[in-house]
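Subject: Structure handover

Hello,

Please find the structure below. My notes on it follow.

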Amino acid sequence: IRFVEPHILNNTSECVLKLYDRRFSTQHREDWDAAPWAPELEKEYQEFVSCGDAEEFFSYWDAEKECDDNWSAAYINNSERWSPAKREAYLQWESTTTYEIEKKAYENMAELQGKDVPKVFGEVVLNEPLIASKRNTSDENNEDDDEDVEEDSAEADRNPHTINIPGILIQYINGFHLTD
């Protein structure tokens, strides 16, 4: 990110906005043989979220991770038979988990920030709207639209990790890529 007005944030004009978005997480998608993201896939996932199934799986995976830090869905015998929506749910959970781990690492390295590691300027959350699969879109003057939007917001508020995209804003450091 390059600020329009230079030196806005702690005497810097450039930062890195790192988003943990399952839709564009190519390594996780490759690891899990997940199809490339597409709007149809997103619709399936959001229906999975709307009916509460994603929240149920998030709770299960959170509990497993709590018991064993090294836990992965790879330990589940039937994970290769998951529906595309369930695979998306796992990718969302994995992206959120990766964000939490990295956030904690930066917190633990607070004294090194700005010297040996990038300085963290803040956290961001992109609030992704829940697509209303039950809404009647053929009637533009549908009086129930406001109620549907409220229901959708309530659904997303139940477990924001199922929909929202977390991120961190960190210091840009000019140099070589770590893989090099």
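What percentage of the 180 residues in the chain do buried residues make up? The figure is 36%, where buried means under 20% relative accessible area with a 1.4 Å probe and protein chains only, exposed means over 50%, and partly exposed lies in between.

This is a predicted model, in which local features need pLDDT of at least 70 and side-chain atom pairs count only at pLDDT 80 or more, while totals for chains, interfaces and linings use all residues. Residues are numbered from 1 along each chain as its sequence is written, and side-chain values use heavy atoms, with hydrogens and water left out.

Overall layout: the chain has 5 helices and 3 strands (DSSP runs numbered from the N terminus, helices being H or I of at least four residues and strands E of at least two). From the N terminus, their order is β-α-α-α-α-β-α-β. Of the contacts (heavy atoms within 4.5 Å) with a separation of 6 or more, 72% are between residues 24 or more positions apart.

Helix α3 (residues 53-67) packs against helix α4 (residues 84-108) at an angle of about 45°, and their axes are 10 Å apart. Axes are lines fitted to C-alpha atoms, for helices over the stretch in contact, and angles run from 0 to 180 degrees between N-to-C directions. α3 and α4 are therefore oblique to each other, as angles under 35 degrees count as roughly parallel, over 145 as roughly antiparallel, 65 to 115 as roughly perpendicular and the rest as oblique. On the α3 side the contact is made by A54, F57, F58, W61, D62 and K65, and on the α4 side by K86, A89, Y90, Q92, W93 and T97.

On the cores: a nonpolar core is a set of buried Ala, Val, Leu, Ile, Met, Phe, Trp, Tyr and Cys residues joined through side-chain atoms within 4.5 Å. The largest has 19 residues, and W61, W71, A73, W82, A89 and Y90 have the most contacts inside it. Two or more residues come from each of α2 (39-50), α3 and α4, with the largest share, 5 residues, from α4. Beyond its neighbours within four places in sequence, W71 contacts Y60, W61, E64, K65, I76, Y90 and W93. A second, separate core of 5 residues includes Y20, Y99, Y106 and I168.

Finally, T162 sits in the loop between α5 (145-158) and β3 (165-171). T162 is buried, at a relative accessible area of 2%. Not counting residues up to four places away in sequence, T162 touches Y45, V49, A54, E55, F58 and Q92.

Regards
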